[in-house]
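Please consult the sequence and the model alongside the text.

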2 protein chains.
Amino acid sequence: MARTAYHHGDLYQQAHEQALAIVREQGDSAISLRALARQIGVSTPALYRHYADRESLLAELAISGFQTLRQHLLAVDQQDSRSALIGIGLAYVAFAREEPNLYRLMFGGRVLPRGAHPRLDQAGLAAFQVLEDTVANGQQRGYLKAAPLALLTAAAWSLVHGLSQLTIDGHLPGHDNEPQLAAGITALLLDGSIERSNKEPTP
Amino acid sequence: MARTAYHHGDLYQQAHEQALAIVREQGDSAISLRALARQIGVSTPALYRHYADRESLLAELAISGFQTLRQHLLAVDQQDSRSALIGIGLAYVAFAREEPNLYRLMFGGRVLPRGAHPRLDQAGLAAFQVLEDTVANGQQRGYLKAAPLALLTAAAWSLVHGLSQLTIDGHLPGHDNEPQLAAGITALLLDGSIERSNKEPTP
DNA sequence: ATGCAATGTTAACGGCGTTAACTTCAGCAA
DNA sequence: TTGCTGAAGTTAACGCCGTTAACATTGCAT
């Protein structure tokens, strides 16, 4: 479709890009369809030709976020199991720190009830899958315990997700040397927190 | 102040209670000052005599939430270090599951930028303190490693917070037997995830 | 060339948070 | 007792917002 004065021709893309920029800079609550249309130079209802409503637009942005996160996780070196697991954790938290507003949109839960946007669920699952694959890999190599995969994966994901959330919301005081904290925490999950000179590991 | 037809006399309390009920049932995005005032039977600007704006009202609700969470955590039996730590984790996740909407308000980060409401920050810290005390206790009893307290505490909090968030947002498939999952994950953080017949614990 | 479907437009509805300006009333000082 | 004051309520209004209905333009396939 060519671009005339009337038919914009690239509205979906432009709306997506500019909305993404706003979310990244100011958070999803700053997204207003009227302001967005104004900024693009188009009437507000025109946006409804491409997005069912405000939430659907936000869902698309969240999908972008999950895809980016997945790429970051895929880039982690998988040679050594231990460094792969720690590396995934670091990459995960680093993404959240680089894109806090996008991360909040992706995991806010407030805006997007699960199940309402299947493609969003799928994108989240795809990112999660990278983590699960890494855990499964570590298990197959005999590095990780033979505990249920779902349990190990849930633990890993909970840890990095919780740390990300607490970090970007400023709940953890003195978060200056962040990567070190993330690495230390991940190591704790691997090695355990109990003092082994006093207690035996659970059988 | 007595209650006449004009002066309501109990508006602050009523607004707090009814708003809390709405948040618990429908989430904070369902809070509208106009609707709330209508429901109470008062004009909208009357609310502004007691709350600076919508966000301040939400902040008060979040404070309530943190206080409740703190009470739940304080009720955990502290006799045995291990069961105290696991118990705290279970209580934490249980609270999130019982009050998902309130929990999202407390930790959403979207609504309430840290530092804007000092009393809210303080309430969050007080809840966090219970967890930190439990960890410190476990350390003093020699049950936990002598790692930096901040590190151990951050790990514990990240884990339970992440699990809570993922659980209430439905990111973890097959979350039927939830307490079991939470207990298993907490145990993983205590005992470690690596297979010790193959690898030595990190020195 | 024509008709259709996609993609725009304007106009309007009802809701929202917030503020300004005014009113009522409880409690206290003279 | 009277009169004042300040807290706590009121109405009216501003400017946003998401969304829908009804209509206009246009590219493309027939």
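## Basis of the model

The model is predicted, so that local features need pLDDT of at least 70 and side-chain atom pairs count only at pLDDT 80 or more, while totals for chains, interfaces and linings use all residues. Residues are numbered from 1 along each chain as its sequence is written, chains are lettered from A and ligands numbered from 1 in the order in which they are written, and side-chain values use heavy atoms, with hydrogens and water left out.

## Relation of the two copies

## Nonpolar core

The largest nonpolar core comprises 136 residues, and W157(A) and W157(B) have the most contacts inside it. Such a core is a set of buried Ala, Val, Leu, Ile, Met, Phe, Trp, Tyr and Cys residues joined through side-chain atoms within 4.5 Å. Buried denotes under 20% relative accessible area, exposed over 50%, and partly exposed in between, using a 1.4 Å probe and protein chains only. In soluble globular proteins, nonpolar side chains tend to be buried together.

In an unreviewed entry, UniProt lists residues 9-69 of chain A as "domain: HTH tetR-type". UniProt positions are given in the numbering used here, feature names are shortened, and annotations may be inferred rather than shown by experiment. Residues 9-69 of chain A are 72% helix and 0% strand, with end C-alpha atoms 29 Å apart. Helices (H or I, at least four residues) and strands (E, at least two) are DSSP runs, numbered from the N terminus. UniProt also lists residues 32-51 of chain A as "DNA-binding region", again in an unreviewed entry. Here the chain is 60% helix and 0% strand, and the end C-alpha atoms are 13 Å apart.

In α1(A), the buried residues are L11(A), A15(A), H16(A), A19(A), L20(A), I22(A) and V23(A). They lie on the same side of α1(A), because they cover an arc of only 165° around the axis, taken from the directions from the helix axis to the C-beta atoms. These buried residues pack against α2 (33-40), α3 (44-47), α4 (54-74) and α6 (100-107) of chain A. Just after α1(A), G27(A) takes a positive phi of about 90°.

## Selected residues

H161(B) lies in helix α8 (residues 149-168) of chain B and counts as buried, at 0% relative accessibility. Not counting residues up to four places away in sequence, H161(B) touches G162(A), Q165(A), L166(A), Y92(B), Y103(B) and F107(B).

G109(B) is in the loop between α6 (100-107) and α7 (118-140) of chain B and counts as partly exposed, at 23% relative accessibility. Apart from neighbours within four places in sequence, G109(B) contacts R104(A) and D169(A).

Key:
Contact means heavy atoms within 4.5 Å.
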